Amino acid sequence: MDKIKDDGQTKTKKEISIIHPRPSSIVAALYTLRDLNVDVAILHGPPGCSFKHARLLEEDGIHVVTTSLDENGFVFGGHDELVALLEKVSEMFDPKLIGVVGTCVSMIIGEELHDAVLEANPDVPVIEVEVHAGYRNNTKGVLLTLESALDSGIISENEFDRQKALLEEATMVEKRHGAASKEYLAPSRGDVKYKVAQRIIGLLKEGKRGITIMNAKKETGYMFADITVAVNEIAKQLGVETNIVNMANIDDTLGLPRVRHHAKCIKDDLEARGIVIHDNIGGLDEYPIAGNVAGKLIDEKYGDYDFAVITGVPHAVPMDSISGMEIISVTNGPRQVLPLKEMGHKYVIVEIDLHPKTLGVNHIVESEFGATLREVAKDE
Amino acid sequence: MSDNLNEQNKPKVIAIYGKGGIGKSSTASNVAAACADEGYKVMIIGCDPKSDSSITLLGGKRIPTILDLIRSGVDITEDDVVFEGYNGIKCVEVGGPEPGIGCAGRGIIVAIQKLKKISTVQDQCDLVIYDVPGDIVCGGFVAPIRKGLVSEAYVLTSGEYMPLYAANNICRGLSKINTPLSGVICNARNVSREDEIVRKFAEEIGSKLIAFIPKEQIVQDCERDGFSVMEKAPDSEIAQVYRKLACAIMSKDGSVMVKALEDERLRELTR
């Protein structure tokens, strides 16, 4: 970041101004509450706020409700509505843990979530998150949620510090080579899956050696893991299974309870399908740093491999370690295509709408690219 | 008086409410100065977008406001926003947008959260005064109370009908947010039966009149020069009144939940 001197004080110059809409801190707070295993999340704000993600989260087994503030609520406040809703959800869903999340409007008019919680006084813990969508980095929503969870004793100081460091790194990863790296990034569908499938099969047939690196963010691993599976299946079919080395961030001893559970499920599925993960590169929430672990392993052991299939958050794998390989990367972010191409990835594939398909599941879900690989390989 | 009050106690954090123009800032700065004279460590936090709460404690000078600095995007430290005024009083101005633009209420919320994050001066004081704008027009204006920062609220009024009406409304607001009132202060405007009317008002809402500040030209003269009465005219009679008020505030807390009067009763009272 550029620093400018003024009146003897060090000031920070403004960061680039990104003009495409991007993930919201409110939604980030909702997802974090889910990872903390709340049963109900209450949005204190207008009925349309975070609609799409609220629906998705319901697929994932938590109830998301809203105080539905209208013009009257904006003018007269929504304290009573929040108290009433806290009481209602306690009755309807018999929750063990509740989250209350602010929105732009409730924060601007100065609503006090805590007052309403005190008044409703539910007999289970409540995580109050005073958040709006006006933060530059959506990770702020995660951080605010974790701070509140720490205050209510839901998570330990150690876990909080660990998560905070990961979030800071995640923000940096996005600024370096991700969706926050340019003021405008046009969405793209990336390369045609059929052609890339043919290329991978071609490489395997030539006897080239490849690495699969799954560096997935939390539940998205359910689908990215399928690509690891597909590549291994094809290699086996072609009799070159030993040419493939697999890495994945599926350490099930790290992260919030739900995240560990996902790691366990994916690990079990991979095992059941006979896929050997040669190197476990971290927890499912360690995608900002697991790429570095993969990089180091490659430097040590796999520097002479010919190609790499990187899924999840491919831009977190340092180019220095893989620049000599042909890189095929798979992302679920349409705005991630251009930055990955600029990094030097030869093929970039987008799994459109991956996230919704990985909510509410306990097993690996077939990916479009995995399906394409299997289909193309049938002709071999 | 004890200069080690803070060793055992948390700081006394007060807010003075009242109709705009009734003399909140004058009273706040003179009370601050009187307490500082007594050896207390005092801080004043101006929450009015006009940022004029501390001006008479700083020899008529303005200080940079928290919101000005937040707006410019610089990293803010305590030294950037906390300034020392008369007799060591720590002065802070929240600042705010131009009248008619943006949201001053949100500004107060953001600024006091920022202050809490970057400064511990408040915790080292014996008395912290939040000088809040005239009427509690939106949620932001009660943020100092709601955020658990203010422990005592006072209401300032004259014996005129409109300031009393505003004071009564404020009392209604305070009971709505479950905040007790620690006393009523009369800043006289020389209207008929003023002492009696305000005293009666205080009693009927369930509180008490803790000071009657007579109208004196000298207050205005000092302000015109950019000073508090305590600094410029410490031997004046009115300086003594502020001293007494300061003592009343620093002595034991007499907070009670108050009940606002019906409009009709308020009108009868002032007739």
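Guide: The secondary structure of chain B consists of 12 helices and 8 strands, in a model that is predicted. The overall dimensions of chain B may be considered next. Along the principal axes, its C-alpha atoms fill a box of roughly 55 × 40 × 40 Å. A compact globule with 271 residues would have a radius of gyration near 18 Å, and the 18 Å of chain B agrees with this.

The interior and the surface follow. Of the 271 residues in chain B, 53% are buried. Among contacts in chain B with a separation of 6 or more, 79% are accounted for by residues 24 or more positions apart. The accessible surface of chain B comes to about 11800 Å², and carbon and sulfur atoms hold 48% of that area.

Helix H2 of chain B runs over residues 24–37 and so has 14 residues. From its first C-alpha to its last, H2(B) reaches 20 Å, close to the 20 Å expected at 1.5 Å a residue. How many of the 14 residues of H2(B) are buried? The number is 12, and H2(B) is thus described as mostly covered. Just after H2(B) comes Gly39(B), with a positive phi of about 100 degrees.

A positive phi is also found at a residue of another kind. Most residues other than glycine have a negative phi. Ser51(B) is not a glycine, yet its phi is positive, at about 45 degrees. Where is Ser51(B) placed? Ser51(B) lies in the loop between strand S2 (42–46) and helix H3 (66–72) of chain B. Ser51(B) counts as buried because its relative accessibility is 12%, and buried means under 20%.

Ser50(A) belongs to the loop between strand S3 (40–43) and helix H2 (51–59) of chain A. With a relative accessibility of 15%, Ser50(A) counts as buried.

For the setting of that residue, chain A has 16 helices and 12 strands. Its C-alpha trace spans about 70 × 60 × 35 Å along the principal axes. With 380 residues, a compact globule would have a radius of gyration near 21 Å, and the 22 Å of chain A agrees. Buried residues make up 54% of chain A.

Helix H8 of chain A, residues 157–177, has 21 residues and reaches 31 Å from its first C-alpha to its last, close to the 30 Å expected at 1.5 Å a residue. Its buried residues include Phe160(A), Leu166(A), Leu167(A) and Val173(A), together with Glu159(A) and Arg162(A). Helix H7 (139–151) and helix H12 (287–302) of chain A are among the elements that cover the buried residues of H8(A).

Methods: Residues numbered from 1 in each chain as written. Chains lettered and ligands numbered in written order. Predicted model: local features only at pLDDT ≥ 70, side-chain atom pairs only at ≥ 80, totals over all residues. Heavy atoms only, no water. Helix = DSSP H or I, 4+ residues; strand = E, 2+ residues; numbered from the N terminus. Rg over C-alpha atoms; globule rule 2.2 N^0.38 Å. Buried < 20%, exposed > 50% of the residue type's maximum accessible area, 1.4 Å probe, protein only. Expected span 1.5 Å × (residues − 1). Contact = heavy atoms within 4.5 Å. Areas by Shrake-Rupley, 256 points an atom, 1.4 Å probe, with all protein chains shown as cover.
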